[in-house]
Amino acid sequence: MSLTPALFGQLAQAMGIFVLICALVTGLAVAFQWSWRYRMVGATLFSVVLVVGLFSLSFEPITRSSIAGSVPFKLVYDRFGSQATIAVAPTITPEELEATLQQASSNLFSSGRNGQGKSQMTIYARTIIHPREGLSKPIYLGRVMRSLNLRNDPNMKVEIFADKFAELPQNAAS
């Protein structure tokens with residue numbers, strides 16, 4: 001069973017019914033001055049907090065989609081703005097990079113990002129090579145540009161920098 005927004009909506013409804021029952025029992029406990037009435041007040045209020053949390057999880061999916069052909073990546077720069085950078089292995093192929101950029105685009109989307117006046121988010125993919133001992137060189141292999149507002153952006157653009165793949169060591173690129 002996967003955790004989807006629809007499931008959280010159903011759980012929020014069920015907990016809402018539970019809160020109504022608790023409120024009814026709490027009302028009776030207060031009216032008849034039963035000794036455990038204050039415990040019921042606490043249980044009812046805690047249940048309300050749970051309903052609010054479940055209801056909020058029904059808005060935004062917390063699961064990540066999986067893009068076929070993508071490879072693992074690490075997030076190296078993200079200040080929750082309009083730009084982010086991921087790190088990939090120097091052995092990545094252009095096809096794997098395209099799928100990985102789409103995966104990163106899906107994983108890093110959030111409706112709460114601060115675009116600072118921009119309407120698009122850009123995610124760069126980079127790797128680091130070591131041309132000689134003691135020297136590291138970052139190489140940007142591609143980028144994806146997507147909307148900051150639409151989860152399923154139909155105008156998402158993936159750009160692969162083919163000339164940068166030529167800079168990778170030959171044994172790593174093959």
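1. Helix α1 (residues 5-31) packs against helix α2 (residues 37-57) at an angle of about 165°, and their axes are 8 Å apart. Axes here are lines fitted to C-alpha atoms, for helices over the stretch in contact, and angles run from 0 to 180 degrees between N-to-C directions. That makes α1 roughly antiparallel to α2 (over 145 degrees; under 35 is roughly parallel, 65 to 115 roughly perpendicular, the rest oblique). Helices (H or I, at least four residues) and strands (E, at least two) are DSSP runs, numbered from the N terminus.

2. The crossing of α1 and α2 is left-handed, meaning that the near helix is turned anticlockwise from the far one by less than a right angle; clockwise would be right-handed. In the contact of α1 with α2, the residues comprise 20 nonpolar, four polar and one charged. Ala, Val, Leu, Ile, Met, Phe, Trp, Tyr, Cys and Pro count as nonpolar, Asp, Glu, Lys and Arg as charged, and the others, Gly among them, as polar.

3. The model is predicted: local features need pLDDT of at least 70 and side-chain atom pairs count only at pLDDT 80 or more, while totals for chains, interfaces and linings use all residues. Residues are numbered from 1 along each chain as its sequence is written, and side-chain values use heavy atoms, with hydrogens and water left out.

4. Five strands form an open sheet of mixed pairing, in the order β1-β2-β3-β4-β5; two strands pair if DSSP finds at least two bridges between them.

5. β1 and β2 run antiparallel and are joined by four bridges. Tyr77 stands opposite Thr85 in β2. The two strands β1 and β2 form a hairpin with four residues between them, and Phe80 in the turn has a positive phi of about 60°.

6. Strand β2 (residues 83-87) pairs with strand β3 (residues 120-132) in the parallel sense, over five bridges. Ala84 has Ile123 as its bridge partner in β3.

7. Leaving aside residues up to four places away in sequence, Gly115 touches Ser82 and Leu148, contact being heavy atoms within 4.5 Å. Gly115 and Ser82 are 33 residues apart in sequence, yet 4.9 Å apart in space, C-alpha to C-alpha.
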